[in-house]
Amino acid sequence: MNITSAIFKCSSEKLSQVPADGLPEFAFIGRSNVGKSSLINMLTDKPSLAKVSSTPGKTRLINHFIINNEWYLVDLPGYGYARVARTVREKFSKLITDYVLRSDKMHFLFVLVDSRLEPQKIDLEFIDMLGRNGVPFGIVFTKTDKLSENQAISSMARYKRVLKGSWEELPIMFATSSEKKKGRDDILDFIGSCLAAEDA
Ligand code: GTP
Ligand code: MG
């Protein structure tokens with residue numbers, strides 16, 4: 001998959017505002033600060049397309065970026081930002097759950113997790129919700145530039161072990177670094193194959 005154009009389309013504060021053109025959407029979600037916006041910039045090779053910040057909670061709306069005039073990359077708000085969040089409903093805002101569970105144009109959801117951390121409860125809860133609802137998703141390990149090659153491999157293996165405790169089939173996984181442009185081809189080729197399967 002080659003990206004020839006990447007243009008900001010719109011920000012939505014509710015599901016009813018997202019583009020209604022029916023084009024396929026590939027979305028990115030994860031905890032605040034995990035690197036969603038950075039990954040979108042890395043994939044599109046446009047360093048300031050999506051707003052990046054070291055302060056968590058930068059992306060508050062659903063942002064659509066149209067790629068090659070044919071499909072969308074979607075930057076979702078981070079979860080786990082609110083300080084008081086006891087129930088799943090409080091943890092994952094209505095905007096997030098509406099989009100991931102009800103958007104019929106979302107072809108695939110990339111769930112980003114920080115490769116440096118052991119599996120986090122909130123991510124496992126989110127993944128669990130996706131699994132129970134049959135949402136197609138994969139896991140993207142971010143910031144692998146902060147780890148050695150071996151540390152990154154064992155971090156992914158640890159994640160697999162934890163998921164195996166609840167799931168028979170493991171989701172597809174990608175090791176990435178937006179800093180080092182690692183994982184770009186893997187993700188873009190994966191999206192390309194999803195789109196090709198759609199056309200077939
Ligand atoms: P919210 O919009 O607040 O939910 O955050 P986000 O998930 O979009 O994260 P964002 O892309 O804004 O990045 C958060 C911080 O992590 C920024 O300081 C980035 O520079 C840094 N960061 C993101 N990706 C990488 C990476 O691959 N390597 C390193 N070293 N830092 C990264
Ligand atoms: Mg962001």
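This is a predicted model: local features need pLDDT of at least 70, side-chain atom pairs count only at pLDDT 80 or more; totals for chains, interfaces and linings use all residues.

Residues are numbered from 1 along each chain as its sequence is written, chains are lettered from A and ligands numbered from 1 in the order in which they are written, and side-chain values use heavy atoms, with hydrogens and water left out.

Rolling a probe the size of a water molecule over the atoms shows where empty space is left. On a 1 Å grid over the protein atoms alone, a pocket is an open set of points with protein on both sides within 12 Å along at least five of seven lines, a cavity is a set of points where a 1.4 Å probe fits but cannot get out, and lining residues have an atom within 4 Å of a point. Points are joined across faces, edges and corners, and a volume is the space filled by probe spheres set on them.

The largest pocket has a volume of about 410 Å³. Its lining has 25 residues, and those nearest the centre are Asn33, Val34, Gly35, Ser38 and Lys143. Helix H1, residues 36-44, contributes the most to this lining, with 3 residues (helices are DSSP runs of H or I, at least four residues, numbered from the N terminus). By type, the pocket lining has 3 nonpolar, 15 polar and 7 charged residues; Ala, Val, Leu, Ile, Met, Phe, Trp, Tyr, Cys and Pro count as nonpolar, Asp, Glu, Lys and Arg as charged, and the others, Gly among them, as polar.

Ligand 1 sits in the largest pocket, meaning that more than half of its atoms lie within 2 Å of the pocket's grid points. Around ligand 1 there are 22 residues, of which Lys36, Ser38, Gly57, Thr59 and Ser178 come nearest (a heavy atom within 4 Å counts as near). This shell has 3 nonpolar, 12 polar and 7 charged residues.

A backbone N or O atom of Ser178 is 2.7 Å from an oxygen atom of ligand 1, and a polar side-chain atom of Ser37 is 2.9 Å from an oxygen atom of the ligand.

Note on methods
A polar contact is a pair of N or O atoms within 3.5 Å; within protein, one must be able to donate a hydrogen and the other to accept it, and residues adjacent in sequence count only if both atoms are side-chain atoms. Helices (H or I, at least four residues) and strands (E, at least two) are DSSP runs, numbered from the N terminus.
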